[in-house]
There are 2 protein chains.
Amino acid sequence: MAITDIVGYIAAIGTTGAFIPQAFKVYKTKKTEDLSLGTFLLFSTGVLLWTVYGVFINSVPVILSNGITFFISCYILVMIIKGKKSEKQKIINDN
Amino acid sequence: MAITDIVGYIAAIGTTGAFIPQAFKVYKTKKTEDLSLGTFLLFSTGVLLWTVYGVFINSVPVILSNGITFFISCYILVMIIKGKKSEKQKIINDN
């Protein structure tokens, strides 16, 4: 395998696996206050479009890596939205 | 432009721009407690390797989008490390 391909594969593993620790942290602590809703909304949309792009160009690595990242990113996104909702509810209950 | 290219470009803008709101949030609040150090360490390494890969394959879009994301991700990473350090210092001072 050429050095170019090796660098590409390690890069793909890095950016695909990157959100696993964040998802675990959110799962464990249930705290998402410092996470940006906009970031995970944009990122989830972006990786979904990358997956669609992978289907168009018939690239299994593009489909796989972005498809997996899409599900991880969506989990974090849902937890951020849930966090914001319970925060709002708390303010209503406190008043 | 073909629909495939349009989807690819929108995907690239989405995943490149995604971390700007998170960087702004960290800059404004200086709070990084809920962010995963592992995620931003892996992600920064991954996008740096994508940039190197872009140099190898001579692709300006790959270099540009990942190069920009690298700097944004590194800023968030540095702020997480700073946050962890001041947290540790607080524990030492409290005891």
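1. **What you are looking at.** This is a predicted model, where local features need pLDDT of at least 70, side-chain atom pairs count only at pLDDT 80 or more, and totals for chains, interfaces and linings use all residues. Residues are numbered from 1 along each chain as its sequence is written, chains are lettered from A and ligands numbered from 1 in the order in which they are written, and side-chain values use heavy atoms, with hydrogens and water left out.

2. **Two copies.** Back to the opening question: a turn of 180 degrees with a shift of 0.0 Å along the axis puts chain A on chain B, at an RMSD of 0.0 Å. The two copies are thus related as by a two-fold rotation axis. In chain A, A:Asp34 has the C-alpha nearest that axis, at 2.7 Å.

3. **Aromatic rings.** Over all chains there are twelve aromatic pairs; rings of Phe, Tyr and Trp (its six-membered ring) pair if their centres lie within 6.5 Å, and planes under 30 degrees apart count as stacked, over 60 as edge-to-face and the rest as tilted. Take B:Phe19 and B:Phe40, an edge-to-face pair with 6.2 Å centre to centre and 90 degrees between the planes. B:Phe19 belongs to helix H2 (residues 19-29) of chain B and B:Phe40 to helix H3 (residues 37-56) of chain B, so this pair ties together parts 21 residues apart in sequence. Helices here are DSSP runs (H or I, at least four residues), numbered from the N terminus.

4. B:Phe19 is buried at 1% relative accessibility, and B:Phe40 is buried at 2% (buried means under 20% relative accessible area, exposed over 50%, partly exposed in between, with a 1.4 Å probe and protein chains only). Another edge-to-face pair is B:Phe70 with B:Phe71, 5.7 Å centre to centre and 65 degrees between the planes. B:Phe70 is buried at 18%, whereas B:Phe71 is exposed at 60%.

5. **Lysines over rings.** A:Lys30 lies over the face of A:Tyr27, 4.3 Å from the ring centre, and the charged end of B:Lys30 sits over the ring of B:Tyr27, 4.2 Å from its centre. To count, NZ of Lys or CZ of Arg must be within 6 Å of the ring centre and within 35 degrees of the ring normal. A:Lys30 is found in the loop between helix H2 (19-29) and H3 of chain A, and has a positive phi of about 60 degrees although it is not a glycine. Most residues other than glycine have a negative phi.

6. **Another positive phi.** B:Asn58 has a phi near 60 degrees, again positive in a residue other than glycine. B:Asn58 sits in the loop between H3 and H4 of chain B and is exposed, at 70% relative accessibility.

Key: Helices (H or I, at least four residues) and strands (E, at least two) are DSSP runs, numbered from the N terminus. Copies are superposed by least squares on the C-alpha atoms of residues with pLDDT of at least 70 in both.
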